[in-house]
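Please look over the sequence and the structure shown here before reading on.

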Amino acid sequence: WRSVMEDRHAVLNLSSACGDKMSYMAVFDGHSGTDVADRLQRSMHHLLLADPAYPANITQALRGAFAAFDAMLTREAGWAA
């Protein structure tokens, strides 16, 4: 049992003006802190929409979005990629 919830979530309508119907629902596990979960909540949908595979290949677009997020954290931390 924990007295503080560190997880974050997002529910968004990503439907486009051209008629594509798309919803975005995500849960980000805090794992002993909220920093990364907060950032994922704010940015993952933007990274998903910016991925070249979106919307034709959602699986690939999600992989690309997570890879972009990982690369961003790596750069900010000054770690070698």
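Is aspartate 51 buried or exposed, and which side chain of opposite charge is nearest? The model under discussion is a predicted one. In this model, aspartate 51 is buried and has no salt bridge. The nearest side chain of opposite charge belongs to arginine 63, and it is 10 Å away. Aspartate 51 is located in the loop that lies between helix 1 and helix 2. Its side chain reaches the backbone nitrogen of alanine 53 at 2.9 Å. When neighbours within four places in sequence are left aside, aspartate 51 is in contact with Gln60, Ala61, Gly64 and Ala65.

**Salt bridges**

The structure contains 2 salt bridges. The table lists each pair with the distance between nitrogen and oxygen.

| Pair | N to O distance |
|---|---|
| Arginine 8 and aspartate 38 | 2.6 Å |
| Glutamate 76 and arginine 39 | 2.7 Å |

Arginine 8 and aspartate 38 form a salt bridge. This pair links distant parts of the chain, with arginine 8 in strand 1 (residues 8-13) and aspartate 38 in helix 1 (residues 35-50), 30 residues apart. Arginine 8 counts as partly exposed because its relative accessibility is 21%, and the range for that class lies between 20% and 50%.

The side chains of glutamate 76 and arginine 39 also meet in a salt bridge. Glutamate 76 belongs to helix 2 (residues 58-77) and arginine 39 to helix 1, so this pair ties together parts that are 37 residues apart in sequence. With a relative accessibility of 24%, arginine 39 likewise counts as partly exposed.

**The largest nonpolar core**

The largest nonpolar core has 14 residues, of which Tyr24, Phe28, Met44 and Leu48 touch the most other members. Strand 2 (23-28), helix 1 and helix 2 are the elements that give two or more residues to this core. Helix 1 gives the most, with 4 residues. Residues up to four places away in sequence not being counted, tyrosine 24 touches Ala10, Val11, Leu12, Leu14, Met44, His45 and Leu48.

**The segment after helix 2**

Tryptophan 79 is found in the segment that follows helix 2. Tryptophan 79 counts as exposed because its relative accessibility is 60%, and the exposed class begins over 50%. Between tryptophan 79 and serine 43 there is a separation of 36 residues in sequence and of 21 Å in space, taken from C-alpha to C-alpha.

Terms used: Residues numbered from 1 in each chain as written. Predicted model: local features only at pLDDT ≥ 70, side-chain atom pairs only at ≥ 80, totals over all residues. Heavy atoms only, no water. Salt bridge = Lys/Arg side-chain N within 4 Å of Asp/Glu carboxyl O. Buried < 20%, exposed > 50% of the residue type's maximum accessible area, 1.4 Å probe, protein only. Core = buried A, V, L, I, M, F, W, Y, C linked by side-chain atoms within 4.5 Å. Contact = heavy atoms within 4.5 Å. Lys, Arg positive; Asp, Glu negative; His and termini not counted. Polar contact = N/O pair within 3.5 Å; in protein donor to acceptor, adjacent residues only side chain to side chain.
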